[in-house]
Amino acid sequence: MSSSKLNVEDEMKDVKRAIRLATPLWLLFIPVILVSLLVELAITVFGRLWPFKGSPDAKGVQGATPIPRKAAFVGDIVGFIKGLMLPQANSKQRPGLALGPNEDTSSRVWVDNHGFPVVSVMDAKSVESMVVDYDCKKHKRVQCPLKFPIEGTMPNFYRSGNRSKQFRELFIDMVPRTEHDEQFKVAMEAAKAAAQRWIAAQKGEPGTKEDFLDTCITAWSTALIIGEEVPPELMAAMQPLFLMFSYPRFYPAFLIPPFWGALKAREHLHKRIKASPRWPKILSKATEVGLTPSDACDALIPIANFNAKGLIDSIGIAVDFLPTMNYGEDLIKDSKALESFAWETLRFNGPVALMPARDEPTIIKTSAGATHAVKKDTMLSTRFDVTQLDPTVWPEPNAFKADRYLKTTSTTTDLNPWPTLTHAMPLGTIENTKKNHESHSCAMGHLNYRVVEAYIKMLATDLPRYDLLRKDLKNFTCDEDSKKEMYSREVAENIVFHSK
């Protein structure tokens, strides 16, 4: 069946029907989840009677100093909820460094008590030691509170072993190597068409900036991977399952009606991928690396959905700032200035990652010059966006400096290097194709800054001018003070495009 004959309205009716038929499961879910919560509270009470007192520090390593401790305990459901609440209060001032009561921000490496020691590393040099030589076949990059009960929702960096290697080889073959690749151009045309449809549908009325960006990114990412756009509502039907946290540990996803809607959405997405222009190439590569057709579809859905949407924050920064820069018209005339601007938007972007220490002992050398040694399999935790606020590497780290990288290149590693840590790539290694292909780095890491550049060009030349609005629909402007302190600035909530 040609994908052009697939009707999203019929597909979404199927998804909604599956959810509706599963609605009675809520009657089972509620008592089961209450029992699960009571079990967690009982574990909390008994666990705090005998608190864990272990240490992550490896002994006998010359020159290594003990890692600073925090008093916070977040190793049960009560501590977990506190850990979720604390960053909300302070994240604008110290994102990632406010995940506990430690007010000393000079130390960017510390130990939290999760019932077992978790070492938080939030400086550039320490994080490089986490991601360097990480092999996707040997190591999981991330162990995370999110659960993925449906295969087509799981990003590959949660895997290790041969299956992870197979998925990685398929990704690498599907992603263009440069912005000059024809497939990249097809994807940007799809993004432009989606943006124009979104603008037309608004009829001059405001819409949320997030919805606009989500529509554009979904069109771009699906066209990039399978050769044509997939309706965003069908992709979104897979997303509720990303919202499952680590507590309670028993979470009966199959008793949630959207689980069954996601299964139906997955079925329709498989049909679309198999009917897409790139399916022959996808199937050929999947067969070569030992994946079934169903495996291939499940491998590609997260790349086009979960992974690609990580770019929304960076493009959102560009959308906020461009009206104060003649909508980027001057910026796109200077390729180096455009490149620098794109990388600076990526510096304030990056996921959470948890990785077990690989060696016995694992040596952590910090940007401040300290050396720590931790035991093998100790959990290491980071936020890649926070590591790129390291003042020893990026001076005035909280400020947005569009010209920060004018004098740096892809191989710079000392002052103001390209912030590739956001892609789990050590600084200065973005062009090391072989190593990055075998690692758990972002499969599109070599291309993401070119994507941001392409969106800036699209906003500057292909779309009408726009105004930004606050949540209450009052006018919003990013002034120069916004660029000086990125984590305390206001962010536009809505966007309205002018009539041409």
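## Briefing on a predicted protein chain

Gly207 lies in strand β4 (residues 207-208), where strands (E, at least two residues) and helices (H or I, at least four) are DSSP runs numbered from the N terminus. The model is predicted, so local features need pLDDT of at least 70 and side-chain atom pairs count only at pLDDT 80 or more, while totals for chains, interfaces and linings use all residues. Residues are numbered from 1 along each chain as its sequence is written, and side-chain values use heavy atoms, with hydrogens and water left out.

**The chain overall**
- The protein chain has 17 helices and 11 strands.
- Of its 500 residues, 54% are buried (under 20% relative accessible area, with exposed over 50% and partly exposed in between; 1.4 Å probe, protein chains only).

**Surroundings of Gly207**
- Gly207 is buried because its relative accessible area is 9%.
- Contacts of Gly207 (heavy atoms within 4.5 Å) include Trp198, Glu493 and Ile495, with residues up to four places away in sequence not counted.
- The C-alpha atoms of Gly207 and Phe497 are 9.2 Å apart, although 290 residues separate the two along the chain.

**Aromatic residues**
- The whole structure holds 14 aromatic pairs (ring centres of Phe, Tyr and Trp, the last by its six-membered ring, within 6.5 Å; planes under 30 degrees apart are stacked, over 60 edge-to-face and the rest tilted).
- One aromatic cluster consists of Trp198, Phe212, Tyr327, Tyr466 and Phe497.

**Helix α2**
- Trp26 is placed in helix α2 (residues 26-49).
- Trp26 counts as partly exposed because its relative accessibility is 35%.
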